[in-house]
Amino acid sequence: MTEQVDVVVVGMGPGGEAVGADLAAAGLSVVGIEANLVGGECPYYACIPSKMMIRAANSLAEARRVHELAGSATAKPDFRPVAERIRAEATTDWDDQTAVDRFEEAGGRFVRGRAQVTGPNTVRVGDQELTASRAIVLNTGTDPAVPPIPGLADSPFWTNREAIAAETAPESLIVLGGGPVGAELAQAFVRFGSRVDVVEMADRLLPSDEPESSRLLTEVFTREGIGVHTGVAAERIDHDGAGFTVDVGGNQLSAERLLVATGRQIDLAGLGLASIGLDTDRKFVEPDPQLRIADSVYAVGDITGKGAFTHMSMYQAHIVTRHILGDHDVAAEYHAVPRVTFTDPEIGAVGLTEVQAREQGPAVAVAVAQVPSSARGWIHKAGNDGFIKLVADTDQGILVGATSAGPHGGEVLSMLTLAVHERTPISRLKEMIYAYPTFHRAVEDALSQLP
Ligand SMILES: Cc1cc2nc3c(=O)[nH]c(=O)nc-3n(C[C@H](O)[C@H](O)[C@H](O)COP(=O)(O)OP(=O)(O)OC[C@H]3O[C@@H](n4cnc5c(N)ncnc54)[C@H](O)[C@@H]3O)c2cc1C
Ligand SMILES: NC(=O)c1ccc[n+]([C@@H]2O[C@H](COP(=O)([O-])OP(=O)(O)OC[C@H]3O[C@@H](n4cnc5c(N)ncnc54)[C@H](O)[C@@H]3O)[C@@H](O)[C@H]2O)c1
């Protein structure tokens with residue numbers, strides 16, 4: 001039987017949940033379909049529980065800094081409080097009833113199941129056929145990518161999902177991939193006492209970020225005892241009752257657990273996008289500024305390839321909601337996308353890196369100021385690693401990118417995000433008053449080096 005509704009939302013990650021609830025609250029008939037948990041990866045396996053782990057791990061690191069600043073303290077790691085917090089507060093033991101209720105209270109109809117697009121305005125889930133008279137919204141996210149390394153597929157490796165659900169910190173851990181997932185979880189576990197090695201195929205950690213960020217993180221990780229192995233790939237993986245052995249560049253690494261954090265994958269064919277004429281071999285869908293990938297079919301979140309972040313999913317969701325409700329002037333902008341890797345130091349960045357800016361044109365100037373040399377960084381002492389890097393377009397006299405690494409680096413990023421977003425003239429930024437002694441005064445130090 002075919003049911004006619006205004007809007008069908010397929011996949012209820014952060015963006016899908018928001019679009020579905022907002023359109024239902026606005027009076028449209030909305031069916032929201034979710035295969036796993038309403039809210040998606042972020043609350044159950046990603047942002048929220050990982051940041052709870054990091055918060056707990058950072059409290060251990062702070063305690064270990066007491067001897068440099070304030071006497072002595074003994075920090076004895078115990079993973080149980082954070083494992084319990086993840087169960088009780090973040091995920092309600094991986095139960096999404098509250099989120100389902102919230103959607104239904106907004107007026108939506110919820111269906112649990114894996115849906116497929118079957119035509120320009122039709123969706124199938126189980127034996128139900130739905131016709132959407134106003135829009136189909138896709139927010140199906142990603143799954144962990146598992147590289148074809150001999151021996152890996154048959155082994156009991158962890159992805160972010162199992163790592164988040166861990167009840168104890170492993171005695172030892174090998175992390176494949178030194179991107180944001182690998183970096184954040186490697187540091188969280190080493191601070192809980194695990195022996196950790198990170199294997200990154202590229203020649204540096206966080207290869208999408210500025211090289212200064214990679215160098216800083218390598219230095220901090222090495223100091224904390226993490227084995228950093230870059231520019232090497234795992235050739236073979238073996239698992240026996242005792243744990244994992246990984247062959248890497250002629251050496252062998254061994255550990256109780258193996259975390260695969262080598263990126264994400266998207267199944268556009270499985271989602272049925274050939275039925276609306278799209279090339280399903282692409283890595284991502286290609287939305288227009290209103291997030292449409294076909295007439296009346298919208299996409300939000302990781303599948304758009306505009307930045308795999310919850311804030312991107314929510315930003316795009318808001319645009320889709322407004323467009324469906326009749327605001328035809330709304331359009332997405334991507335020149336000031338902020339991102340924060342929540343290591344300690346936090347690595348915040350916005351807009352273009354230096355390399356990306358130079359690819360766009362020759363009128364580029366950069367400036368770097370070190371956090372430990374700023375007044376606040378010097379006062380802070382233990383744990384003060386960090387820097388501010390600015391990337392300027394000298395023709396326009398504006399910042400087109402910036403990195404803020406350091407204690408609270410993600411918070412310091414906010415003023416740089418505003419400057420890049422608003423294209424504030426550098427001359428005006430130099431005229432601003434910066435409170436003393438804050439971490440963000442290092443931004444002023446960097447600005448003074450720019451023409
Ligand atoms: C360990 C980790 C930490 C992270 N930390 C951060 C962070 O600190 N900050 C940040 O901004 N981002 C972070 N991210 C990224 C963030 O989790 C994602 O960008 C975010 O979840 C948004 O994804 P999404 O909206 O595309 O959908 P997702 O959250 O991926 O949700 C998509 C949903 O669609 C469902 N689905 C898929 N296919 C179908 C189908 N055919 N039918 C029905 N349902 C379907 C899935 O079950 C899923 O629930 C992190 C990611 C990881 C892995
Ligand atoms: N704080 C945050 O906002 C946050 C945190 C975690 C993840 N995320 C987002 O989630 C997405 C996924 O993160 P991720 O870290 O899993 O993916 P990623 O693609 O960013 O990084 C994966 C890393 O693994 C490396 N790699 C790939 N194959 C490998 C192999 N066989 N051996 C060794 N290394 C290999 C890659 O070179 C890359 O550096 C990202 O887009 C990220 O932005 C965001």
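The structure is a predicted model, in which local features need pLDDT of at least 70 and side-chain atom pairs count only at pLDDT 80 or more, while totals for chains, interfaces and linings use all residues. Residues are numbered from 1 along each chain as its sequence is written, and chains are lettered from A and ligands numbered from 1 in the order in which they are written.

Five strands form an open antiparallel sheet in the order β18-β19-β22-β21-β20; strands are DSSP runs of E of at least two residues, and helices runs of H or I of at least four, and two strands pair if DSSP finds at least two bridges between them. The edge strands, β18 (338-341) and β20 (364-370), each pair on one side only. Strands β21 (residues 387-393) and β22 (residues 398-406) are joined in the antiparallel sense over seven bridges, and Phe387 has Ala405 in β22 as its bridge partner.

Around ligand 1 lie 35 residues, of which Gly11, Gly13, Gly40, Gly141 and Gly301 come nearest; a residue is near if its C-beta atom, placed from the backbone, lies within 6 Å. Elements that each supply at least two residues of this shell include α1 (14-25), β2 (30-34) and α3 (47-69).
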